[in-house]
Amino acid sequence: MPPVHLSRQLSLYNQFSTNALQSQRGKQAQLQEQMATGKRVNRASDDPNSFNKARQLEVLTKRYDQFDRSITNSRGFATQSQDQLQQLTERMVEARDLGIRARNDSFSEQERQLMANEVRGIRDAVIGHLNSKHGNEYIFAGTNTTEQPFDAEGEPTADLSGERRRQIGPSLNDDPALDSNRMKINITGDEVLNVAGGGTIIEALDDLIDVMEGTAPMEDFDDILGAVDNARDHLVDRAAQAGSIVERLSLAEDQLRESTFTAEQQRSELEDVDFYELATDFQRTQASLQATLQMTSSTLQTTLLDFLR
């Protein structure tokens, strides 16, 4: 009978010690994994509620990243548009200054012809600005950004009225046309070319060249200079419009990055470890494991001694 009794005792002690050791070692392995990953929640079974909330926040931050890339690209496009419009304004100021000089009766026809040639060079530069690119995209081509928008004479080569719109944040309305986060980022070719009240910026320069060369009546000089002034003011307004787009994109970027930071912080609180607490738990588990090993060894030795007696 005693041997049977001892066998049962040893079996119970062995089962108890095995379960205790497995539990302690499992806890230790979990803590080691948390140390390696820096995360308290590595899988759904660790904390289902926190895991699910963290995954939702992960999806949200990925969407924010997409919006951030869209804003960055859009801002580069809008900044390039603003720069080109400012340069167009400067070209128009240069043409106006030449026109005012040519208006002076003290200049000869030959001298006016030389100034007209300078304006013609400005006109060519203006067409170059109208065909400028951001990367591989023509910035004043509307939505058809792969095709050159203006020919050598400054005439549109296609419909340039298309608006480029980009999603810069979560949709605020099911109707894209009413969604304020679906933002127009371009100044269309039509908006740049056509001056309010009639005419185009190219026509204003052509008329100035004509009057300086004497192919248009001198009495029209003041009206033509007025048209050049209007074209200059028109371009100033378009540059300001582009500047407003850049400013709004910068504001949207700041707000988006603040939202991203908040979401990442919430996600961190849900699944990241507190390393001080983790180190304390690991030391506690290590001590508990050692105690379990010592207790198991002592218990088994005592049981054998009892049997020998």
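Here is a short tour of this model, stop by stop.

Before you click, note that this is a predicted model, in which local features need pLDDT of at least 70, side-chain atom pairs count only at pLDDT 80 or more, and totals for chains, interfaces and linings use all residues. Residues are numbered from 1 along each chain as its sequence is written, and side-chain values use heavy atoms, with hydrogens and water left out.

Start by colouring by pLDDT (the predictor's confidence in each residue, from 0 to 100). The chain averages 83, and 74% of its residues score at least 70. Helix H1 (residues 2–37) has the lowest confidence, with a mean of 54, while helix H4 (residues 189–193) has the highest, at 97. Helices here are DSSP runs (H or I, at least four residues), numbered from the N terminus.

Next, select Leu-85, Val-192, Ile-201, Leu-208 and Met-212: they touch the most other members of the largest nonpolar core, which has 55 residues. Such a core is a set of buried (under 20% relative accessible area, 1.4 Å probe, protein chains only) Ala, Val, Leu, Ile, Met, Phe, Trp, Tyr and Cys residues joined through side-chain atoms within 4.5 Å. H2 (48–102), H3 (109–130), H4, H5 (201–213) and H6 (221–271) each give it two or more residues, and H6 supplies the largest share, 15.

Last stop: Arg-232, in helix H6.

Methods:
Buried < 20%, exposed > 50% of the residue type's maximum accessible area, 1.4 Å probe, protein only.
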